[in-house]
Amino acid sequence: NLKSLNASDNSKITHVNHLMKLEILNVRFNTCGINNAGIVHCINLKSLYASQNPKITNVNHLANLEILDASFDCGINDAGIVQCINLKSLNASYNSTITNVNHLVKLEILGASYNCGINDAEIVQCINLKSLNAMDNPKITNVNQFAKLEILCASGHYCGINDAGIIQCINLKSLNAFNNSKITNVDHLAKLEILCAVGSRINNA
């Protein structure tokens, strides 16, 4: 009757196919023994955390999946999530092999920081985004199309987002512009409740 299992860093657990009611599974790190074959029958999974697990490469059979952590040296690439149309939360930070998430129209939370492969064109159709982490991702420069965006991390010297890239983000409630010298003006963000301006050029906010 298990619904949640954390098997991270456990090489002795290699498959969980018998756990038909499993909804939450953590298989982080390359020392975890679970691979694709080990989750093939876990069709009720709603949350999968596979960060730094190169043995997990394809989750297209997980039709109910809503939350996926495929960050760092995870084996999941574009082809491995092409059918995951019910995803609401995806962490692809540090994963250069995930480059396009336009088919994930239900996506509300996206982690696309550092050397993630995602750029402007490859998120343009994710119009339901409410939270975006683009820390130190130079390929993401414009988030004006995300009218529902409430939380934005645009921190780091290498983040590509500047003033023009957030000019229409009038529903932002939280903005992290730490060490981003390209963001200088947030006067138009009337709903802003939380602002990190450390190391930025924002003044009189």
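1. Asp69, which is found in strand β4, touches Arg28, Leu48, Tyr49, Ala50, Ser51 and Asn91 when residues up to four places away in sequence are not counted; contact here means heavy atoms within 4.5 Å. Asp69 is buried, with a relative accessible area of 8%, where buried means under 20% relative accessible area, exposed means over 50% and partly exposed lies in between, with a 1.4 Å probe and protein chains only. Strands are DSSP runs of E of at least two residues, numbered from the N terminus.

2. The model is a predicted one, in which local features need pLDDT of at least 70 and side-chain atom pairs count only at pLDDT 80 or more, whereas totals for chains, interfaces and linings use all residues. Residues are numbered from 1 along each chain as its sequence is written, and side-chain values use heavy atoms, with hydrogens and water left out.

3. Arg28 forms a salt bridge with Asp69, and the closest N and O atoms are 3.3 Å apart. The pair links distant parts of the chain, 41 residues apart, with Arg28 in the loop between β2 (24–26) and β3 and Asp69 in strand β4. Arg28 counts as partly exposed at 24% relative accessibility, while Asp69 counts as buried at 8%.

4. The strands belong to an open sheet of 10 strands with parallel pairing, in the order β1-β2-β3-β4-β5-β6-β7-β8-β9-β10; two strands pair if DSSP finds at least two bridges between them. β1 (4–6) and β10 (194–196) stand at the edges, each with a single partner strand, so one side of each is left without a neighbour in the sheet. The twist averages 5° from one strand to the next, with axes taken as lines fitted to C-alpha atoms and angles running from 0 to 180 degrees between N-to-C directions.

5. Within the sheet, strand β3 (residues 47–49) and strand β4 (residues 67–69) run parallel and are joined by three bridges. Leu48 has Leu68 as its bridge partner in β4.

6. Asp136, in the loop between β7 (131–133) and β8 (151–153), deserves a separate look. Leaving out residues up to four places away in sequence, Asp136 touches Tyr114, Ser155, Gly156, His157, Tyr158 and Cys159.

7. Ser200 has its place in the segment after β10 and is buried, with a relative accessible area of 16%. A polar atom of the Ser200 side chain lies 2.8 Å from the backbone oxygen of Ala197, and the backbone nitrogen of Ile202 lies 3.3 Å from a polar atom of the Ser200 side chain. With residues up to four places away in sequence not counted, Ser200 touches Ala177, Asn179, Asn180 and Ile183.

8. Asn1 is found in the segment before β1 and counts as exposed at 80% relative accessibility. The side chains of Asn1 and Lys21 are joined by a polar contact of 3.0 Å, a polar contact being a pair of N or O atoms within 3.5 Å in which, within protein, one must be able to donate a hydrogen and the other to accept it, and residues adjacent in sequence count only if both atoms are side-chain atoms.

Technical notes
Helices (H or I, at least four residues) and strands (E, at least two) are DSSP runs, numbered from the N terminus. A salt bridge is a side-chain nitrogen of Lys or Arg within 4 Å of a carboxyl oxygen of Asp or Glu.
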